[in-house]
There are 2 protein chains.
Amino acid sequence: MITDIDAKLLEKIADLTGKPVGAFNIRKDSGCEARQSTEHIEITPKTDGKQGIDIRIKPGTKGEQCHIPVIISKTGLSELVYNDFYVGDDCDVEIVAGCGIHNSGCNESRHDGVHTFYIGKNSRVRYSEKHYGEDAPGETGRNVMNPQTIVHLGENSTMQMDTVQIRGIDSTKRDTRFYCDKGSEVVVTERLLTHGSQEAESDMHIELNGEDAKGRVISRSVAQDDSRQVFHPVMVGNSQCFGHVQCDSIIMGHAHIESIPAITANCPDAQLIHEAAIGKIAGDQLLKLETLGLTPEEAEETILKGFLA
Amino acid sequence: MITDIDAKLLEKIADLTGKPVGAFNIRKDSGCEARQSTEHIEITPKTDGKQGIDIRIKPGTKGEQCHIPVIISKTGLSELVYNDFYVGDDCDVEIVAGCGIHNSGCNESRHDGVHTFYIGKNSRVRYSEKHYGEDAPGETGRNVMNPQTIVHLGENSTMQMDTVQIRGIDSTKRDTRFYCDKGSEVVVTERLLTHGSQEAESDMHIELNGEDAKGRVISRSVAQDDSRQVFHPVMVGNSQCFGHVQCDSIIMGHAHIESIPAITANCPDAQLIHEAAIGKIAGDQLLKLETLGLTPEEAEETILKGFLA
């Protein structure tokens, strides 16, 4: 049963209001709340004893969406889920994942999700996931999410991955890996907010293996209060390729941010660029908004919203 | 005795032709070839059993130079040398180190040099070191240099460090560390060329500890043939400070370059920036020079010279 709290979580993490269009699988508290396959997108539970689902998208599938949100409303629940995506050649699809925890008690609730993509040739995949946690009023349970995303990107295929940690995740260890064939292109946009005493670690490993493969990472983060963030994006060029990593972080309060990117060229025709910056909100930006009538708090909030938009 | 070969090495690594002006210490094949102190700069051999010298620069010393080159003309020689620099307050001095190996045989010759600087307040130090190796005609001895540089930079002092690996060093592991007090500023310029099957690793660790400390690293490298380079510059901001790391590498042949910088902000008023790029020489740059009448080889050489200048 989808409660009001569940509905709010689903809207926050997967922009869902009401029943999704197309294929979907809604996982709630380690069970299947609802599932629907379509003519082109088949969703089946795993049969190898592992938790999770297989998503098979037929070659030539275009303009379809697939929603696979996960929600947890219990305290003390811990799960390890494997979702495998088989995307055929010549597809153009959108996959919306996401995980929300509403922790009803004082114990740790934890979702470890392993998403593996096998993407064929000439396909275009947009993949988005949002992570959000909250405690029931008066409760203190920790919310933990460790998403792992492994993508095998076929020839001339593209993947756009948008991954967002909205707020309320006490601890996260993100692991994202791309293996890019000839002519393929990946764009990863990561946005991450931590507050309180939260900890976030994001490892990213992008291998540009095929000729003319392209990789781009745009990582933006805000660390507030006493929170800690560590970024470790790695771009490896094994052929004639182009890779660009850009990390920008806003540091506030007594937060700690570490950005440790790596670019590795194993081929003289690999062109790799990295940029990173850590700093606080510029004083003149705040001042400008304040002269427009915003309070200091509103000015700060406006800037952070724009930065993480 | 300084031979013709030695004289050429000294010119290459320390721009020395003839006897240096001011204080100097010329180390040859693990012995002291010549030494001179001045009124303000005292050079004494270590008395604690270690190889090396102490360099004491009196407070207020201005406009003086100190040369401490090291040359090795033997094959199979291996040495570990400690040079400690005590620079008083209110100094303005230039220190020229550098190491050259002319390997006369088929064995490995190796210089491990540990330079530690204790720099007082309001001082200005320019420090340069050049590393160069060559084999006698027909010989194949490996030339190894592992320089370690540790700098304690006092309040409002500045250090400009220029470190260059010209060529001919088969293996190097460079370790550079700066601890920067309030108002101090360090600028490190690193230039490094590897060729053949050479290997180079450069670790750099700059801690901006005091308020308004500034750190800047400019690293430029060229990796030719099958050579391998790994860079690991780390800039840590522990106070209101500004740090900037810039790494540019040209990759050629079948070389391998890895650039793994890290910026770490432990204070919300730390502003840290990193940029890195790896790529080959731009084709249009080559073309432009060729249209001016240069051969492809000359065009390449001209660009590399400019890049490492």
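Visitor: Which residue in β16(B) is the bridge partner of Asp175(B)?
Guide: Asp203(B) is the partner. This is a predicted model: local features need pLDDT of at least 70, side-chain atom pairs count only at pLDDT 80 or more, and totals for chains, interfaces and linings use all residues. Residues are numbered from 1 along each chain as its sequence is written, chains are lettered from A and ligands numbered from 1 in the order in which they are written, and side-chain values use heavy atoms, leaving out hydrogens and water.

Visitor: Why are β14(B) and strand β16 of chain B said to pair?
Guide: Strands pair if DSSP finds at least two bridges between them. β14(B) and β16 (residues 199-208) of chain B share 10 bridges, in the parallel sense. So they pair. Strands are DSSP runs (E, at least two residues) and helices are runs of H or I with at least four, numbered from the N terminus.

Visitor: Which strand of chain B pairs with strand β12 of chain B?
Guide: β14 (residues 171-180) of chain B does, over eight parallel bridges with β12 (residues 143-153). Leu153(B) stands opposite Cys180(B) there.

Visitor: In what sense do β21(A) and strand β20 of chain B pair?
Guide: Antiparallel, over three bridges. Thr264(A) has Glu258(B) as its bridge partner.

Visitor: How many residues does the contact take from chain A and chain B?
Guide: It takes 29 from chain A and 29 from chain B. Contact means heavy atoms within 4.5 Å. The chains bury about 2,100 Å² between them, 51% of it on carbon and sulfur atoms. Ile263(A), Pro268(A) and Ile278(A) lose the most area to chain B, together 24% of what that side buries. Buried area is accessible area (1.4 Å probe) lost on being put together, summed over both parts.

Visitor: Why is the link from Asp269(A) to Lys280(B) called a salt bridge?
Guide: The term needs a side-chain nitrogen of Lys or Arg within 4 Å of a carboxyl oxygen of Asp or Glu. Here the closest N and O atoms are 2.7 Å apart. So the pair qualifies. The count between the two chains is two salt bridges.

Visitor: Which elements give two or more residues to the side of chain A that touches chain B?
Guide: They are β20 (256-259), β21 (262-265) and β22 (270-279) of chain A. β22(A) gives the largest share, 10 residues.

How values were computed
Buried area is the accessible area (1.4 Å probe) that two parts lose on being put together, summed over both.
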